[in-house]
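Hi everyone, thanks for coming.

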Amino acid sequence: MPVQSTSGSSVRVPLRALVAALGLAALALHPGSALADIFTYTDADGTVHFSNRAAGDGRFKLYIKGDGRRPGARAGVAPVAPSDKSLERFSRYDTWIRQAATLYQIPEELVRAVIKCESDYDPRAVSPVGAQGLMQLMPETALRMQVRDPFDARENIFGGTRYLRILANLFNGDLDLTIAGYNAGEGAVMRYGGIPPYEETQAYVTRVRTYYARYRTTRDTTVASIEP
């Protein structure tokens with residue numbers, strides 16, 4: 001499913017790739033990511049074009065609305081920092097992680113790396129912008145991923161892994177773009193034609209990749225999960 005950068009910071013996605021992504025759920029907007037406006041049109045050969053600016057000929061229509069800025073804490077949100085320090089937490093969700101990874105064809109090690117970096121395996125965690133649970137789903141994203149209770153560990157894992165599958169489909173399996181999209185939102189990745197120039201997102205990609213490698217090379221998930 002090729003995704004290619006083109007002029008004007010636009011991305012061309014074959015229609016079959018977009019349908020595959022949308023077949024799981026509507027494209028979700030990730031928590032903590034205000035997006036730039038994204039415009040789209042479909043040409044005669046069925047290729048869907050995305051751009052961060054509308055063309056003068058009127059073909060592009062608004063697809064995602066946003067202001068392109070990274071928001072801070074949300075009003076009304078009571079953050080809950082990860083506080084579970086038990087070593088057992090690193091293996092507590094093994095069955096559900098394996099099931100979700102198998103169902104959505106996402107590497108189990110990647111799911112674990114995202115959980116580690118998002119919540120440190122604490123299902124009660126809430127971020128300053130309102131992301132909730134093990135894989136830190138925003139209420140809007142949880143709804144799109146059909147998660148009724150984001151604090152239910154099983155539901156959260158399946159919802160977060162489903163979102164990873166959507167991102168992987170959209171970005172043709174590119175690991176870095178998939179990870180960046182999970183943190184900054186797919187609209188931001190399309191707007192910049194790659195990893196957005198957000199310090200948080202760039203650090204997030206590096207951190208998730210580090211743990212992904214650790215989980216792939218260390219059989220003991222508890223050892224792999226402990227901060228190096």
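Let's start with helix α9, residues 199-217: at 1.5 Å a residue its 19 residues should span 27 Å, and the end C-alpha atoms are 27 Å apart, so the two agree. The expected span here is 1.5 Å times one less than the number of residues. Helices are DSSP runs of H or I with at least four residues, numbered from the N terminus.

Before going on, a word on the source: this is a predicted model, where local features need pLDDT of at least 70 and side-chain atom pairs count only at pLDDT 80 or more, while totals for chains, interfaces and linings use all residues. Residues are numbered from 1 along each chain as its sequence is written, and side-chain values use heavy atoms, with hydrogens and water left out.

Now, which residues of α9 are buried? They are Thr201, Tyr204, Val205, Val208, Tyr211, Tyr212 and Tyr215. Seen down the axis, the buried residues of α9 fall within an arc of 140°, so they line one face of the helix; the arc is taken from the directions from the helix axis to the C-beta atoms. On the other side of α9, Glu199 and Thr217 are exposed. For the cut-offs, buried is under 20% relative accessible area, exposed is over 50%, and partly exposed lies in between, with a 1.4 Å probe and protein chains only.

What covers that buried set? The cover includes α4 (108-119), α7 and α10 (221-225). Within α7, residues 175-184, we find Thr178, which counts as buried at 4% relative accessibility. Beyond its neighbours within four places in sequence, Thr178 is in contact (heavy atoms within 4.5 Å) with Leu164, Leu167, Ala168 and Phe171.

On to the charges. Side chains of opposite charge can pair when their charged atoms come close. I count a salt bridge when a side-chain nitrogen of Lys or Arg is within 4 Å of a carboxyl oxygen of Asp or Glu, and that rule gives 13 salt bridges.

Arg207 pairs with Glu227, with the closest N and O atoms 3.1 Å apart. This pair links distant parts of the chain, from Arg207 in α9 to Glu227 in the segment after α10, 20 residues apart. Arg207 is partly exposed at 33% relative accessibility, and Glu227 is partly exposed at 44%.

Lys116 and Asp120 also meet in a salt bridge, at 2.6 Å from N to O. Here Lys116 is buried at 3% relative accessible area, and Asp120 is buried at 17%. Both pairs belong to a salt-bridge network that links Arg89, Lys116, Asp120, Arg207 and Glu227.

Technical notes
Helix = DSSP H or I, 4+ residues; strand = E, 2+ residues; numbered from the N terminus.
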